[in-house]
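Subject: Structure handover

Hi,

Here is the structure I promised to pass on. Have a look at it first, and then read my notes below.

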Protein chains: 2
Amino acid sequence: MPYTYEYPHPAVTVDGVVFGYDEADLKVLLIQRDQPPYRGKWALPGGFVDMNESLEAAARRELEEETGVTELYLEQLYTFGEPKRDPRERVISVAYYALVKLADHTVRAASDARNVAWFPVANLPALAFDHEEILDVALRRLKGKIRYEPIGFELLPEKFPLSELQRLYETILEQPLDKRNFRKKILSMGLLADTEEIQQDVAHRAARLYRFDEPSYRRLKKAGFNFEL
Amino acid sequence: MPYTYEYPHPAVTVDGVVFGYDEADLKVLLIQRDQPPYRGKWALPGGFVDMNESLEAAARRELEEETGVTELYLEQLYTFGEPKRDPRERVISVAYYALVKLADHTVRAASDARNVAWFPVANLPALAFDHEEILDVALRRLKGKIRYEPIGFELLPEKFPLSELQRLYETILEQPLDKRNFRKKILSMGLLADTEEIQQDVAHRAARLYRFDEPSYRRLKKAGFNFEL
DNA sequence: TCAAAAGTGTTAACCATACACCCATGC
DNA sequence: GCATGGGTGTATGGTTAACACTTTTGA
């Protein structure tokens with residue numbers, strides 16, 4: 001027991017809410033615990049913060065270690081620290097949420113062989129600790145933020161048809177959007193570049209594929225433009 | 001040295017960015033440190049989290065102990081945890097920001113006789129640790145949030161004239177607002193109750209005093225109303 | 001009577017919404 | 001040729017933005 005302090009110190013962990021999206025659903029990445037407490041229960045990936053790494057670095061490391069997910073949009077969400085949230089000892093958890101392009105990231109089981117899987121947020125298992133609350137906060141944040149920051153693109157493949165973008169918004173905001181108005185608005189922003197490509201192998205007229213034009217966005221933003229819906 | 005752990009644990013603190021407002025300025029509450037490191041420097045009030053209290057309770061307790069400020073709007077801001085942000089040991093700081101009615105809170109020097117004072121945010125001294133960064137994040141949050149949540153009232157006295165509300169918004173948003181449009185909009189929301197009182201002892205026509213009607217706001221909110229600007 | 005801030009309406013431009021049909025493609 | 005989703009324009013109503021003068025009060 002080599003680490004001693006004059007005053008008691010809580011443990012500090014990071015937990016990650018990783019969102020992905022496929023044609024049908026918004027999904028979240030969970031791991032199945034193989035140690036008590038909550039052995040066998042599903043939980044958010046996470047772990048202890050090392051003494052020499054920043055909180056964000058810890059979150060990235062844990063996500064990579066436990067799920068193989070890398071290269072993601074990551075943002076601090078909220079810090080959870082109720083005294084009894086972990087039955088073992090006082091644990092402060094700094095939660096992050098992440099957005100990944102599902103197609104690029106086939107998750108692999110973690111090195112320690114725990115189960116890893118995507119669950120639709122509309123149909124989740126019971127979660128360990130206070131992870132349902134964390135997920136809830138993450139969902140509210142995503143729902144709020146997607147309306148005034150262009151982060152939805154982080155959940156889509158590099159190239160996507162407008163209908164897929166619309167479906168993503170409809171799924172996350174939980175409300176239908178008018179097709180013509182949606183297209184008009186999003187195209188008028190000048191954030192999407194036409195890739196000059198079209199869908200392949202679809203059983204109907206193939207849609208144009210667009211891509212989020214990051215440099216344009218930065219330019220517009222500097223000029224005072226504010227993304228909204 | 002009675003507290004030992006199998007793995008190293010960082011220390012966890014809370015820091016508070018307390019905002020106040022008077023006719024002229026947005027202000028922030030700072031304390032002058034009387035211990036190294038940064039002895040003599042101004043800093044945000046804060047301190048260690050006790051093992052049996054929640055993070056928010058810790059923030060409230062520290063603010064009360066160090067500045068005498070109580071009964072305030074308090075919200076978690078962000079968690080700062082860069083490895084070297086405190087030269088003594090690894091310290092994770094969960095920052096909160098608070099809004100208080102300046103008139104109600106003449107600050108008292110803390111029990112341990114440290115200096116406490118309000119500073120205009122436009123004219124701050126150099127701060128200890130990474131507290132300038134924390135303050136910066138708090139300002140951005142306040143600026144964003146005041147536009148879509150009715151939190152500005154937390155900074156004003158119970159009863160206030162519309163012009164003072166407008167000045168508050170102009171100060172925080174750092175942009176002038178049109179008087180007629182501002183009044184039209186804010187009054188049309190139905191959130192302000194006319195107190196039937198008027199200003200006293202002013203050297204010009206006395207303005208009506210209004211008060212934020214919390215029950216009305218809750219009712220409207222439940223009915224789907226969204227405050228904006 | 002002057003200074004200082006309170007209080008008050010109208011118009012024009014813009015933006016959001018609602019809404020329906022033809023097109024291209026693969027089966 | 002039919003089913004599937006892609007793609008397109010207009011009209012209306014509501015919201016925002018711009019703008020100037022009269023009123024009240026105390027000094």
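Before the notes, one term: a polar contact is a pair of N or O atoms within 3.5 Å; within protein, one must be able to donate a hydrogen and the other to accept it, and residues adjacent in sequence count only if both atoms are side-chain atoms. This is a predicted model, where local features need pLDDT of at least 70, side-chain atom pairs count only at pLDDT 80 or more, and totals for chains, interfaces and linings use all residues. Residues are numbered from 1 along each chain as its sequence is written, chains are lettered from A and ligands numbered from 1 in the order in which they are written, and side-chain values use heavy atoms, with hydrogens and water left out.

Let's start with DNA strand D. It has 19 residues around it, where being near a strand takes a heavy atom within 4 Å of it. Among the closest are A:Lys179 and B:Arg205. The side chain of B:Asp178 has an N or O atom 3.3 Å from a base nitrogen of DNA strand D, and the side chain of B:Arg205 has one 3.2 Å from a base oxygen. A:Arg208 uses a backbone N or O atom instead, 2.9 Å from a phosphate oxygen of DNA strand D. Helix H4 (179–188) of chain A and helix H4 (179–188) of chain B are the elements giving two or more residues to this surface; helices here are DSSP runs of H or I with at least four residues, strands are runs of E with at least two, and both are numbered from the N terminus.

Now DNA strand C, with 18 residues around it, including A:Asn181 and B:Arg183. Of its atoms within 4 Å of the protein, 40% belong to sugar and phosphate. On the base side, a polar side-chain atom of B:Lys184 is 3.1 Å from a base oxygen, and one of B:Arg180 is 3.4 Å from a base nitrogen. A backbone N or O atom of B:Arg208 sits 3.0 Å from a phosphate oxygen of DNA strand C.

Last, a residue in a loop: A:Asn115, between strand S7 (91–99) and strand S8 (116–120) of chain A. A:Asn115 touches A:Leu30, A:Ile31, A:Gln32 and A:Trp42, leaving out residues up to four places away in sequence; contact means heavy atoms within 4.5 Å.

Cheers
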